[in-house]
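Have the coordinates open as you read.

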Amino acid sequence: MKREDWRSAIGGADEEFHRQLLAALDGLEEKKVKNRHKYSALLIAAIVMALLAGGAYAAARLGVLDYFERFAEPIVPLEGAEELVDTGLGTVENELVKMTVEELAFDGRSAVVQLCFTPKQPEKYALGSDMMEFEPMDVYETETVEEEGGAWEWERVLRRKDGRQEVNCRANITLTDEAGHEIWIDSWIEGGLREDGSIVIQGEGTGEEALSGEVTLQVEPYSIVLEDWDEEKNERPSTRVPIDALVVPIERRDVQMEYSLIPQGKLERVEIVSAELRLTPLLGYLSVEYKYDSLPDEDMGIDFHVYDADGERVAVQGGSRSEVGDAWRLQLEIQSFDEVPDKFYLEPKVIGEDKTLGKIECDVVEADSCSVGSGKAKG
């Protein structure tokens, strides 16, 4: 069943539904991933999702293309993005839960996946997923814990009030091409809780380069049963219950267009060496190689705000930074375009500070379309 058929079956989401899904979040987190620094101003740790009052209904209607609407700078997939989405990619289970890969959007460089975990005994088990809060805290018995002599305190979860055991559900997901290049699904958000006790979670990942050749999706789900708080052990004992892996071959299509951004000058302490823009119906990918003369109090470096030819801010949802000789390369996920502006403006911003360093005008030059993958699952 294709994404467009699925939408027809459940009906289109109204404006109120979309409005309530939007969540505000801001912040920045840096962590080292292999030999690069990966950061995201809008993903990973600082995500705050606005749960609907009718959360079960919202989760039932959620799809992977709705993933991008939840952020402070929402990205809107273009017309045709539905063609990059496939549904019903498979189900695996253990004695506790059933896991279904409901949807996958894949444009060669990024992938967004939607999983649903369904309890086999909802009267005995309540599903959750690590730090995601599918239910309010008042469903739990808690106790206040003071730290540092009362300097700060937090609520320790002891058990659920309804007597059900908690089962945490997650999955390790990768897409791998025939050369061994990978996309890891490493940023997760909560989709919602359904009336039958199922939980919906969505994840997104972007590779440093587009995958090529044959691509395989591998999903390794797991569930962890949490016991009541044990005072003697000073912990909540847990038991990991494995679930078989799901492996799905992905069929590819060429959907990406490529442009070069030609800088028309430089700033006193920032020079753009080169910049490239690649667009798909799902996302835009901006790669900027730059040199930066930092001040002593600017040790975290810079990122870039992006503006179109009319001076309108372009939504950015994440990226990665790596060192290239005496320069840096910044790769950003941005809003895609049906009609590409003839100019962009790149504004360097000091990370961790409310300080920008001016704008650099860049002309846009179209290059040949480049072949990258996207796709749907076979069969």
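## Rings, cores and a pocket

Tyr67 and Phe71 are both buried, where buried means under 20% relative accessible area, exposed over 50% and partly exposed in between (1.4 Å probe, protein chains only). A quick note on ground rules: this is a predicted model, in which local features need pLDDT of at least 70 and side-chain atom pairs count only at pLDDT 80 or more, while totals for chains, interfaces and linings use all residues. Residues are numbered from 1 along each chain as its sequence is written, and side-chain values use heavy atoms, with hydrogens and water left out.

Back to the rings. The whole structure has four aromatic pairs; rings of Phe, Tyr and Trp (its six-membered ring) pair if their centres lie within 6.5 Å, and planes under 30 degrees apart count as stacked, over 60 as edge-to-face and the rest as tilted. Here are two of the pairs:

| Pair | Centre distance | Plane angle | Type |
|---|---|---|---|
| Tyr67 and Phe71 | 5.5 Å | 65 degrees | edge-to-face |
| Phe337 and Phe344 | 5.5 Å | 75 degrees | edge-to-face |

Tyr67 and Phe71 also belong to a cluster, linked by ring pairs, that takes in Phe68. In the other pair, Phe337 is buried at 16% relative accessibility, and Phe344 is buried at 2%.

Now for the cores. A nonpolar core here is a set of buried Ala, Val, Leu, Ile, Met, Phe, Trp, Tyr and Cys residues joined through side-chain atoms within 4.5 Å. The largest one has 36 residues, and Phe106, Leu115, Phe117, Ile173, Leu175 and Leu217 have the most contacts inside it. Strands that each supply at least two of its residues include β5 (97-106), β6 (110-119), β10 (165-177) and β14 (215-226); strands (E, at least two residues) and helices (H or I, at least four) are DSSP runs, numbered from the N terminus. Another core, of 27 residues, lies apart from it, with Val270, Val314, Phe337 and Cys362 among its members. Cys362 is buried too, at 0% relative accessibility.

Next, the second largest pocket, with about 510 Å³ of space. On a 1 Å grid over the protein atoms alone, a pocket is an open set of points where a 1.4 Å probe fits, with protein on both sides within 12 Å along at least five of seven lines, and lining residues have an atom within 4 Å of a point. Grid points are joined across faces, edges and corners, and the volume is the space filled by probe spheres set on them. Of its 19 lining residues, Asp130, Met132, Tyr140, Val157 and Glu166 are the closest to the centre. β7, β9 (152-160) and β10 each give two or more residues to that lining.

Asp130 sits in the loop between β7 and β8 (140-147) and is partly exposed at 39%. Asn234 likewise has a positive phi, of about 55 degrees, without being a glycine; it is in the loop between β14 and β15 (238-242) and is partly exposed at 48%.
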